[in-house]
Amino acid sequence: METILTIENLDKRYGSVHAVKNVSFEIKKGNVYGILGPNGSGKSTTLGIILNVVNKTSGSYKWFDGKLDTHHALKKVGAIIERPNFYPYLTAEENLKLVCKIKDIHYDKVKEKLEVVGLLERKDSKFRTFSLGMKQRLAIASALLNDPEILILDEPTNGLDPQGIRQIRDIIKFIAANGTTILLASHLLDEVEKVCSHVVVLRKGEILYTGTVDGIISNEGFFELQSENNSALKLVLEKIDAVEKIDEEDGKLFVYLKAPLEASALNQHLFQNNIVLNHLVKRKHSLEEQFLQLTSNR
């Protein structure tokens, strides 16, 4: 699989502030990557460095396996790292045509990209009449005009209402499904979990985890159980090797695992030990739980 971006030991200091500390990861073609972390974790600084708008202190990065220098590589990159900024008195179509003229892109792309972001019917509306969500969608259309190999988005749903958030998520999924690699920075766990295939977790400029989203939540998970006699249920559960610990809350037992255990096998074992369940649900740890666990240990 082609490597779009390689970052190695990237470091950035602003005086006494160490914004990015020895960050390394790779972006492979065709995936959706999330840089996840609270505000001040170094997400935007990292994006600024690779887009050549922030100078690194040390370390290196290379685009497309080093086959292109940064200047030429960025012509194959679409990015939104600031608030959408268009001419308020021009229409959506006029604003995008202006971008095409600056970047030497054929005007044919304008209607195509407006359709991608669901704004084709509003092509003749002035930018100043747009909601924040529509402005953000127009910015995405603008970033797509050059048919980039990778689209970079910094907090793409920031400040949007639930409908606007859903629209942006659907657009990101559509763009990704059509083969464009995506890298987005977000402090929203839910956003990364719903949109991304891979995640880089940052805290105070340091990487805490890099890998697949499934990988960060792919521990053995836990069961929610309940029976008429939870005390007897707990005694049986404590003798099962795969069980790591048991918590009780609101009349339910939360059974955390250290080894794989299927719900059907557990249910059968309990029944053979004269325990009849009236509630059984197997859950994965959410990305939020894993993220909090990671950050609380640092």
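Because the model is predicted, local features need pLDDT of at least 70 and side-chain atom pairs count only at pLDDT 80 or more, whereas totals for chains, interfaces and linings use all residues. Residues are numbered from 1 along each chain as its sequence is written, and side-chain values use heavy atoms, with hydrogens and water left out.

We can start with the sheets. Helices (H or I, at least four residues) and strands (E, at least two) are DSSP runs, numbered from the N terminus. Two strands are said to pair if DSSP finds at least two bridges between them. As a reminder, strands of a sheet pair through backbone hydrogen bonds, either parallel or antiparallel. Strand β1 (residues 3-14) is joined to β2 by eight bridges, and Thr3 has Lys28 in β2 as its bridge partner.

Another open sheet holds four strands in the order β11-β12-β10-β13, and the pairing is antiparallel. The strands at its edges are β11 (243-249) and β13 (277-283), each pairing on one side only. Neighbouring strands are turned by 20 degrees against each other on average, direction ignored. Six bridges link β10 (residues 222-227) with β13, and Leu225 stands opposite Leu280 in β13.

Strand β6 (residues 150-154) brings us to burial. Buried means under 20% relative accessible area, exposed over 50%, and partly exposed in between (1.4 Å probe, protein chains only). Five of the five residues of β6 are buried, so this strand is largely enclosed by the rest of the structure. In a regular strand the side chains alternate between the two faces of the sheet. In β6, Ile150, Ile152 and Asp154 lie on one side and Leu151 and Leu153 on the other. β6 runs parallel to β5, to which four bridges join it, and pairs in the parallel sense with β7 (residues 181-186) over five bridges.

What about the nonpolar cores? A nonpolar core is a set of buried Ala, Val, Leu, Ile, Met, Phe, Trp, Tyr and Cys residues joined through side-chain atoms within 4.5 Å. The largest has 46 residues, and those touching the most other members are Leu36, Leu96, Leu138, Ile140, Leu151, Ile182 and Val201. Helix α5 (residues 132-144) gives the most to this core, with seven residues. A second, separate core of 26 residues includes Leu10, Tyr33, Ala73 and Leu202.

Leaving aside neighbours within four places in sequence, Arg169 is in contact with Asp190, Glu191, Lys194 and Val195.

Key. Contact means heavy atoms within 4.5 Å. Axes are lines fitted to C-alpha atoms, for helices over the stretch in contact, and angles run from 0 to 180 degrees between N-to-C directions.
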